[in-house]
Amino acid sequence: MIIFGTRGYLYQLAVLTLVCGWCGNPAAHTLRKRVTKFTLFFVPLFPISTKFATQCTFCGGEQRIPREQADQLLAQHMASQGGNPFGQGPQQGYAPGASGPGQTGQNPYQR
């Protein structure tokens, strides 16, 4: 007996700030890629289809977009974030226990 079928994989490519087409609010949108792969004996072998979509985190509305638009959005986002697709670029911070503005260099949770 040969066991075959398909399995879907969902990848989150980036988080973008866009004006939602459903609710009209400027909100964060996730750029997602859904890949459906053919499986043989539960082993994914090759992709059958690839689809891209954005989903509003405010209202949950989802809009399918073509690959070219997804590539363009991802490239613009990567350029604006310095190569980090999931958030803000590198920020200056202070290591735990280090002295900085408003810090005494001591652990506030230690007695």
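The model is predicted, so local features require pLDDT of at least 70 and side-chain atom pairs count only at pLDDT 80 or more, whereas totals for chains, interfaces and linings use all residues. Residues are numbered from 1 along each chain as its sequence is written, and side-chain values use heavy atoms, with hydrogens and water left out.

**Figure 1. Overall arrangement of the protein chain.** One helix and four strands are present in the protein chain; helices (H or I, at least four residues) and strands (E, at least two) are DSSP runs, numbered from the N terminus. Their order from the N terminus is β-β-β-β-α. Of the 111 residues, 20% are buried, where buried means under 20% relative accessible area, exposed over 50%, and partly exposed in between (1.4 Å probe, protein chains only). The accessible surface amounts to about 8300 Å², and carbon and sulfur atoms account for 55% of this surface. Accessible areas come from the Shrake-Rupley method with a 1.4 Å probe; for residues, only the protein chains shown count as cover. Among contacts (heavy atoms within 4.5 Å) between residues at least 6 apart in sequence, 43% join residues at least 24 apart.

Figure 2. Setting aside residues up to four places away in sequence, Leu 16 touches Ala 27, Ala 28, His 29, Leu 31, Leu 73 and His 77.

**Figure 3. The nonpolar surface patch.** A patch with about 1200 Å² of accessible area together is formed on the surface by Met 1, Ile 2, Ile 3, Phe 4, Leu 40, Phe 41, Phe 42, Val 43, Leu 45, Phe 46 and Ile 48. Patches consist of residues with over 30% relative accessible area and no salt bridge; like charges are joined within 9 Å, nonpolar side chains (Val, Leu, Ile, Met, Phe, Trp, Tyr) within 5 Å. A salt bridge is a side-chain nitrogen of Lys or Arg within 4 Å of a carboxyl oxygen of Asp or Glu. Strand S3 (residues 43-56) gives the most to the patch, with four residues. Leu 45 belongs to strand S3 and, at 48% relative accessibility, counts as partly exposed.

**Figure 4. The loop between S2 and S3.** Phe 41 lies in this loop and has a positive phi of about 55 degrees although it is not a glycine. Phe 42 is found in the loop as well, with a positive phi of about 65 degrees. Most residues other than glycine have a negative phi. Phe 41 is partly exposed, at a relative accessible area of 45%, while Phe 42 is exposed, at 69% relative accessibility.

**Figure 5. Surroundings of Thr 36.** Thr 36 lies in strand S2 (residues 26-40) and is partly exposed, with a relative accessible area of 21%. Thr 36 and Arg 7 are 29 residues apart in sequence, yet 5.6 Å apart in space, C-alpha to C-alpha. Beyond its neighbours within four places in sequence, Thr 36 is in contact with Thr 6, Arg 7, Gly 8, Phe 46, Pro 47, Ile 48 and Ser 49.
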